[in-house]
Amino acid sequence: MDTQALINSLKKEQIKLADTKILNLFEQDPHRVDNFRCTAAGLTLDYSKNRLDQSALESLINLAEQRDITQRIKELFTGHTVNPTEDRAALHSLLRTPQGSCPTELQDEHQQIIETLDRMSSIVASVHNEQWRGFTGKAIKSVVNLGIGGSDLGPAMVAKALTPSHNEKLQCYFVSNVDSAHLQQTLSHCHPESTLFTLSSKSFTTVETLTNARGARSWLNQAGCSEDDIARHFITVSANIEKAVEFGISADNILPMWDWVGGRFSLWSAIGLPIALATNMDCFKELLAGAHDMDRHFEQSPPKDNMPVILGLLGYWYSNFWQTRSQAILPYDHCLQLFPAFLQQLEMESNGKSCQINGEPVQETTCPVIWGSEGTNGQHSFHQLLHQGTQIIPADFIVALKSHYDQEQHRLLFANCLAQSRALMIGKNEDEVITELTAAGKTEEQINALTPHKVMPGNRPSNTITMDHLTPKTLGALIALYEHKVFVQSVLWQINAFDQWGVELGKQLCETIAPTLSDTSIERNFDPSSEQLIRSYHQRNGS
């Protein structure tokens, strides 16, 4: 069957399922819970609460195979140029491959990774053992990561998620915004003589990061740190050693970054140094091990049993055949509160594209808007939209079976997670509302007035991802699961998941606007709105 025939088949499947209740699908298939369930790398995906039956699933899998998903996965893991617009491989999975397990053709790259991990181990040991000293001889007590995008979101999210494993003697902070408030408010918690900055910039030209780095260096200088001692307070991860040295960072304190690692996939590299500093090197290696377990599952499992493939197909199914435009990420774990923001970058920067790899316009709807918050907070705000809004929003619930803290409170948290996914599915019909209001003693007039407001349509899809415990290993697997889901969808949409030219445009325009805010003599030729805003800036700042 050719691609168009498969698309037509899926359209028919959607029409068939449009009037079908998810609950009825359980009745039709007594084994649905087992048939729509997948386990890998310490995670279990229950996708039985979806508007999907076996026939539609098989058609989706056939489409993935039609678009050579197995071959594309192989290319991803063996260093092929899967990022053609930048002529690069995407070897983030190699960063978590243990010694003796990498493809022969990637031995050189893998050796560099092993050497970098050894250097990271030495740095972490030096800081944790209080051998690394600041300009007055005091041990390091605070670490501030300076980065943005993938150099911030990934490490910050993981460090927060691994809070139960934190080194209590060290405080770790993350500064990304060029707004000076972010840096200054963070530094108010630190002491210059005992603060170490990890500066992450692949090119060492990222404006926001370098601006914050200069602010940090000035803060140190004002506290009495000489330029000669600046090196005691900075470690950088960069591919541009020359510029890092020019800034004042010792070559011994520069860790490498490679062009075959995209920013949003870089937390597994030395960009993850703040994670290891916040916890320990064993935690970081467990994180890598969990991701590697998911890599092996993704690489070796057939599509029908492949968790990232299934998750990717579900997102594709709703975006392109149900016209959903957003996806809710709902981790029921306070430590995962930054996970939705992390996935915003991972998914929308990767697949927010309208051009196929061959240069032709995309004919389908690509990446939905990713959003969400940790449970149970969202239940008291945006869950109203999920239950009674006019649009269908697929949701991913993520929850551990056990807590690092109070298990009795966790029981209530877990119950809320299940209740929300069940409520989305079953809703509340008119008869149920009337029965409820009658039992509450409402008059017939009150019942007629209130009933429309209390009806919930239900039949709204969700996935539930569970793990025994949120550990470095299961967290690594969870992140890798979504990384591979993104790749699967890029294959389905036939787009490049590894470039981000839309991000670059704003940077280019900022380079032309910024000088005009400090020098009124620079000739300008912007649009009328921008011109007026620039004039307002000058008027307010007396320039």
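Modeller: Helices are DSSP runs of H or I with at least four residues, strands are runs of E with at least two, and both are numbered from the N terminus. The model is predicted, so local features need pLDDT of at least 70 and side-chain atom pairs count only at pLDDT 80 or more, while totals for chains, interfaces and linings use all residues. Residues are numbered from 1 along each chain as its sequence is written, and side-chain values use heavy atoms, with hydrogens and water left out.

Biologist: OK, loops first. Where is Gln-323 found?

Modeller: Gln-323 sits in the loop that links α13 (307–321) with β8 (326–331). Its phi is positive, about 55°, even though the residue is not a glycine.

Biologist: Which other residue besides glycine has a positive phi, near 65°?

Modeller: That's Glu-130, with phi near 65°. Glu-130 lies in the loop between α6 (107–128) and β3, and at 29% relative accessibility it is partly exposed too. For background, most residues other than glycine have a negative phi, and most peptide bonds are trans.

Biologist: And which peptide bond is cis?

Modeller: The one from Gly-375 to Thr-376, where omega is near 10°. Thr-376 is placed in the loop between β9 (369–372) and α15 (383–388).

Biologist: Sheet next. What's the strand order in the open sheet?

Modeller: The order is β4-β3-β5-β6-β7, 5 strands with parallel pairing. The edges are β4 (171–175) and β7 (254–255), each pairing on one side only. Two strands count as paired if DSSP finds at least two bridges between them.

Biologist: How many bridges join β3 to β4?

Modeller: 5, with the two strands running parallel. Asn-145 is opposite Phe-174 of β4. Strands β5 (195–200) and β6 (234–237) are also parallel, over 4 bridges, and there Leu-199 faces Thr-236 in β6.

Biologist: Why is strand β3 called largely enclosed by the rest of the structure?

Modeller: Because 5 of the 5 residues of β3 (142–146) are buried. Ser-142, Val-144 and Leu-146 point one way, Val-143 and Asn-145 the other, and all are buried.

Biologist: Switching to packing. How many residues are in the largest nonpolar core?

Modeller: 114, and Trp-317, Phe-339, Leu-475, Leu-478 and Tyr-482 have the most contacts inside it. Helix α19 (472–493) supplies the largest share of this core, 13 residues. A second, separate core has 23 residues, including Tyr-173 and Ile-249. A nonpolar core here is a set of buried Ala, Val, Leu, Ile, Met, Phe, Trp, Tyr and Cys residues joined through side-chain atoms within 4.5 Å.

Biologist: What is Leu-475 in contact with?

Modeller: Beyond neighbours within four places in sequence, its contacts include Met-157, Ala-161, Leu-287 and Leu-336. Contact means heavy atoms within 4.5 Å.

Biologist: Last topic, pockets. How much space lies in the largest pocket?

Modeller: About 1,200 Å³. A pocket is an open set of points on a 1 Å grid over the protein atoms alone, where a 1.4 Å probe fits, with protein on both sides within 12 Å along at least five of seven lines; lining residues have an atom within 4 Å of a point. Points are joined across faces, edges and corners, and the volume is the space filled by probe spheres set on them.

How values were computed: Buried means under 20% relative accessible area, exposed over 50%, partly exposed in between (1.4 Å probe, protein chains only).
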